[in-house]
Amino acid sequence: MNVCLNLSGKIILGDNETLLDKINHFKKYINFNKIYMHIWADDYIKYFNEIQFIKNCSVIVVTPPIIDENYYFPHFLKIKTPYEYKAHSNVFQFYGLQCVFQQSCLEDNDIHIRCRYDNILYKHLNIEDITPYLDCPNPVVIAPYGSDWHHGLGDVFYILNRSAAQCMKSYFYDVVEMCKSNVPFHPESLLRNHFVNDNKFKLYRMSYPVTINGSQHYFQECFLNDLIVEDKLYFISEFFPK
């Protein structure tokens, strides 16, 4: 099976870490055939020289979208959330995800791995172990345990089969529609609703430790014995604190 790593968002690196160091970190723990890199235009200029040395890579350079706040934000912030102050950055995050999946879905990829530039991995991901769960014509996603804030789904790292990846090609616009239907503008809540409620994904959870720049709290529940289980929870807006 062809496996791709889909990187998106702002390039955030550790102290004294280069972009090539980060790519090599991902290669150490994941066997993938190609990288798709959503990169904001200012990051592309900043890291241009390093990007030239990344092999089997497709770069999607994007200018941040111009957001019509008068149209979008009344929908986004219809339900108050503790993350309102991050609304702009979250909008850009959703747009970047949409851009990178639009590109990876154009080519013959069977497994799409969503990852952030500032993710830190701690053990090798055995693709062979999860392939039987993903080898399905219907949409399937596998996500690590943990970080299901407000009954959502941890959104910094997850693995999609071909059918599921297709559902991410319009994610920014799907977020708008979800907010119109009273899903809170909250990344984890939106993701579970998108996967399970709206697109009927089969969702599995696995024990796989991932953090953001070493913040141990993010997926602390992941440090368990290897286990993959089905997650059948739906997102219900009433769970979200008003």
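**Ground rules.** I number residues from 1 along each chain as its sequence is written, and side-chain values use heavy atoms, with hydrogens and water left out. Because the model is predicted, local features need pLDDT of at least 70 and side-chain atom pairs count only at pLDDT 80 or more, while totals for chains, interfaces and linings use all residues.

**Entry 1, α8 and α9.** I looked up helix α8 (residues 171–180) and helix α9 (residues 187–198), and their axes are 11 Å apart at an angle of about 95°. Axes are lines fitted to C-alpha atoms, for helices over the stretch in contact, and angles run from 0 to 180 degrees between N-to-C directions. Helices are DSSP runs of H or I, at least four residues, and strands are runs of E, at least two, numbered from the N terminus. The pair is therefore roughly perpendicular (65 to 115 degrees; under 35 is roughly parallel, over 145 roughly antiparallel, the rest oblique).

Next I turned to helix α4 (residues 69–76), which packs on α8 at about 55° with the axes 8 Å apart. These two are therefore oblique to each other. From α4, Tyr 71, Tyr 72, His 75 and Phe 76 meet α8 residues including Phe 172 and Val 176 (contact means heavy atoms within 4.5 Å).

Is strand β8 buried or exposed? Four of its five residues (202–206) are buried, so β8 is largely enclosed by the rest of the structure (buried is under 20% relative accessible area, exposed over 50%, partly exposed in between, with a 1.4 Å probe and protein chains only). I also found β8 running parallel to strand β6 (residues 140–144), joined by five bridges (strands pair if DSSP finds at least two bridges between them). Tyr 204 of β8 is the bridge partner of Ile 142.
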